[in-house]
Amino acid sequence: LRAGRLVIDMTPWLGNSGCIETFQTIQQAMEQSRLLQFAYTDRQRQKSRRTVEPYRLLLKGMRWYLDGYSLERQDFRLFKLSRMQEVILSDTGFVVRNYHPEDKVHPNFQDETIVMVTVRVKGNAVERLEELFGANIFTEENGAWHTVQISLTDDARGYRFLL
């Protein structure tokens, strides 16, 4: 590839500029094989402290994740960067484990119920759904309105997405 053909700009248009510092700290920890310590809020809003061996950063959809080995859980886990706070680069190093990243990414979390929803949208909502699901999912109704069928989790997160 010629230089400049792929650009990943971590600066947000609006919102959380702290993710850039988190991203840089994680990169440094991976380069130096050093542990990361942070506060984490999971999908159920439960808070915990984690010490993790960082192995890779993953951009899935439009969200960044840290793929690492949790010392507390004694297993590999994915951590959403937006849910990480107080990220600290530890002085403690680690020996890289036998790691197979292809086993770690699943299209859906197994403990969630997925439902199909038909939504009628117009204006900026069309652009947002197009970014997430692709342009070929829409059925144009009468000019400005579009109908789309999408899959969402049948929980508060799915309902928030609809709102």
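**A buried serine, salt bridges and nonpolar groups**

Ser-90 counts as buried, at 9% relative accessibility (buried is under 20% relative accessible area, exposed over 50% and partly exposed in between, with a 1.4 Å probe and protein chains only). The model is predicted: local features need pLDDT of at least 70 and side-chain atom pairs count only at pLDDT 80 or more, whereas totals for chains, interfaces and linings use all residues. Residues are numbered from 1 along each chain as its sequence is written, and side-chain values use heavy atoms, with hydrogens and water left out.

Ser-90 belongs to strand S5, which covers residues 84-93 (helices, H or I of at least four residues, and strands, E of at least two, are DSSP runs numbered from the N terminus). The side chain of Ser-90 comes to 2.9 Å from the backbone nitrogen of Thr-92. With neighbours within four places in sequence set aside, Ser-90 is in contact with Arg-34, Leu-35 and Gln-37 (contact means heavy atoms within 4.5 Å).

The secondary structure consists of three helices and eight strands. Read from the N terminus, the order of the elements is α-β-β-β-β-β-β-α-β-β-α. Of the 163 residues in the chain, 33% are buried. Among contacts with a separation of 6 or more, 54% join residues 24 or more positions apart. The accessible surface of the chain is about 11,200 Å², and carbon and sulfur atoms hold 49% of that surface (areas come from the Shrake-Rupley method with a 1.4 Å probe; for residues, only the protein chains shown count as cover).

The inside of the model can be described through its nonpolar cores (buried Ala, Val, Leu, Ile, Met, Phe, Trp, Tyr and Cys joined through side-chain atoms within 4.5 Å). The largest of these has 15 residues, and those with the most contacts inside it are Ile-26, Leu-36, Phe-38, Leu-66, Phe-79, Leu-81 and Met-84. Two or more residues of this core come from each of helix H1 (18-32), strand S1 (34-41), strand S2 (47-60), strand S3 (63-70) and S5. Another core, of nine residues, lies apart from the largest one, and Val-119, Val-126, Leu-129 and Leu-152 are among its members.

Charged side chains also link parts of the chain. The structure holds five salt bridges (a side-chain nitrogen of Lys or Arg within 4 Å of a carboxyl oxygen of Asp or Glu). One of them pairs Asp-91 with Arg-34, where the closest N and O atoms are 3.7 Å apart. Since Asp-91 sits in strand S5 and Arg-34 in strand S1, this pair ties together parts that are 57 residues apart in sequence. Asp-91 is exposed, with a relative accessible area of 75%, whereas Arg-34 is buried at 19%.

A second pair to look at is Arg-97 and Glu-53, whose side chains meet in a salt bridge at 2.7 Å, N to O. Arg-97 is in the loop between S5 and strand S6 (114-121), while Glu-53 is in strand S2, so the pair ties together parts that are 44 residues apart in sequence. Arg-97 is partly exposed at 33% relative accessibility, but Glu-53 is buried, with a relative accessible area of 5%. The side chain of Glu-53 also makes a polar contact with that of Tyr-55, at 2.8 Å. Beyond neighbours within four places in sequence, the contacts of Glu-53 are Leu-35, Asp-67, Gly-68, Tyr-69, Leu-71, Phe-94, Val-95 and Arg-97.

Asp-67, one of those contacts of Glu-53, has a salt bridge with Arg-56 (3.1 Å, N to O). The pair ties together parts that are eleven residues apart in sequence, as Asp-67 lies in strand S3 and Arg-56 in strand S2. Asp-67 is buried, with a relative accessible area of 0%, and Arg-56 is partly exposed at 22%.

The surface, finally, carries a nonpolar patch formed by Met-62, Leu-132, Phe-133, Tyr-159, Phe-161 and Leu-162, with about 510 Å² of accessible area together (patch residues have over 30% relative accessible area and no salt bridge; like charges are joined within 9 Å and nonpolar side chains, namely Val, Leu, Ile, Met, Phe, Trp and Tyr, within 5 Å). Helix H2 (124-133) and helix H3 (156-162) are the elements that give two or more residues to this patch. H3 contributes the most, with three residues. Phe-133 is part of helix H2 and is partly exposed, with a relative accessible area of 31%.

Technical notes:
Polar contact = N/O pair within 3.5 Å; in protein donor to acceptor, adjacent residues only side chain to side chain.
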